[in-house]
Amino acid sequence: MARITLDHLAHAYGPAPKGPQDYALKEIDHVWEQGGAYALLGPSGCGKTTLLNIISGLVRPSRGRILFDDRDVTDLPTEARNIAQVFQFPVVYDTMTVRENLAFPLKNRHVPADRTAARAEEIARLLDLTRVLDRKARNLTADMKQKISLGRGLVRSDVAAILFDEPLTVIDPHLKWQLRSTLKEIHRLLDITMIYVTHDQTEALTFADKVVVMHDGAVVQTGTPEELFERPAHTFVGHFIGSPGMNVLPCRVDGATAYLDNEAIKLLRAYPALRQGQRIELGIRPEFVQLQPKGFGFPARVRRIDDIGRARIARVEMAGRAMSASVPDNVSVTGDEAALFFDTRHVHIYADGHLMAGEPV
Ligand code: ADP
Ligand code: MG
């Protein structure tokens, strides 16, 4: 086990990269604490797999270093790094039985036969593979094969970390929930650093103690699910996490007022770091924008109202901007004319996407 440090890491796949646009990973400084359950969350193409492959040694970074505790492993091959990796698609030996597949990573490292056998059975039990232990992998479904891959990733107890790259992609939806909580439980039992890559926020938020959000080749925020929700460090995080995500409204500031076109949104305080008239983005989650009858707030036009089970969410337009608002239980709106009430205690101010320093907590 180890703490994993990424030090000024950057990677370009092509030769002779010119600008930032040629880098799959820009400049990453990040520490993964030993024993943590991490999710690495971001949209497709943001660099998650590249980052994982750099940690495991499958890809050599263009710049920067990887440290396991204080040991520089940047130039070490995968085999010498002691990392387990589970990929999106099953990697199993078809001609071997499930038992042999699970035992393989241990046998390969000359772990004594009795310990190998016991461990393979333990992992099989955790993943509910016991009844197929002696079947050939070839005859099993894709779900089962992926469970074997997970088992192969989990079977060694001496690894520095286990990396999962969207491991539930091929898994049937009804099994996904179950496997996700199984993985969480296994993390508690094994106490090994786990990095779980996904583009699905639900998966990330249920698995992880800490979520690392990536956007466009960079880590934009690391935090607990609550921190990401309540204090997104970047407009991208606010918009990406939550459904629907945070409203991001381009405004102009004047003292303690943000203007969305001509609508003046009074803020709780002024932001001295901002110039008069500076363009900013005002971030506010739909929970804190309430739909009200016409005349009781900023004029708005209702496009539609969706019942999402725990709440009603309205898609509205205010000063020509589309946004989401919540519909309180006691409010009924007829026609499309309505109003919006902003709970400005929950407003965040961003400049060029970044949360303003000194924002009240
Ligand atoms: P993610 O896993 O988040 O979807 P990737 O790490 O796979 O993202 O990809 C990040 C960027 O690097 C993308 O623009 C992708 O096209 C590019 N990329 C990934 N793998 C390669 C490769 N082998 N050769 C060239 N470009 C690649
Ligand atoms: Mg990927």
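Which residue in β19 stands opposite P299? In this predicted model, P299 lies across from A339 in β19. Residue numbers start from 1 along each chain as its sequence is written, and chains are lettered from A and ligands numbered from 1 in the order in which they are written. Because the model is predicted, local features need pLDDT of at least 70 and side-chain atom pairs count only at pLDDT 80 or more, whereas totals for chains, interfaces and linings use all residues.

The secondary structure of the chain comprises eight helices and 21 strands, where helices (H or I, at least four residues) and strands (E, at least two) are DSSP runs numbered from the N terminus. The C-alpha atoms fill a box of roughly 75 × 45 × 35 Å along the principal axes. Of the 361 residues, 38% count as buried; a residue is buried if 20 or more other C-beta atoms lie within 10 Å of its own, exposed if 12 or fewer, and partly exposed in between, with C-beta atoms placed from the backbone. Among contacts with a separation of 6 or more, 66% come from residues 24 or more positions apart; two residues are in contact if their C-beta atoms, placed from the backbone, lie within 7 Å.

Two bridges join β4 (residues 63–68) to β5 in the antiparallel sense, with F68 opposite R71 in β5.

The residues around ligand 1 are Y13, A24, G42, S44, G45, C46, G47, K48, T49 and T50, each with its C-beta atom, placed from the backbone, within 6 Å of the ligand. By class, this shell has three nonpolar, six polar and one charged residues; Ala, Val, Leu, Ile, Met, Phe, Trp, Tyr, Cys and Pro count as nonpolar, Asp, Glu, Lys and Arg as charged, and the others, Gly among them, as polar.

Helix α4 (residues 142–154) has 13 residues, which at 1.5 Å a residue should span 18 Å, and its end C-alpha atoms are 18 Å apart, in agreement. The expected span is 1.5 Å times one less than the number of residues. Eleven of the 13 residues of α4 are buried, so the helix is largely enclosed by the rest of the structure. The buried residues of α4 pack against β6 (83–86), α2 (98–107), α3 (113–126), β7 (161–165) and α5 (173–190). In α2, the buried residues are V98, N101, L102, A103, P105 and L106, and their cover includes α3 and α4.

Residue C251 is placed in strand β11 (residues 247–254) and counts as buried because it has 22 C-beta neighbours inside 10 Å. Apart from its neighbours within four places in sequence, C251 contacts A258, Y259, L260, I280 and L282. C251 and K176 are 75 residues apart in sequence and 41 Å apart in space, C-alpha to C-alpha.

Strand β16 (residues 298–307) runs antiparallel to β19 (residues 337–342), joined by four bridges. Six bridges pair β16 with β17 (residues 312–318), also in the antiparallel sense, and V302 stands opposite V316 in β17. The two strands β16 and β17 form a hairpin with four residues between them, and G309 in the turn has a positive phi of about 90°.

How values were computed: Pairing = 2+ DSSP bridges.
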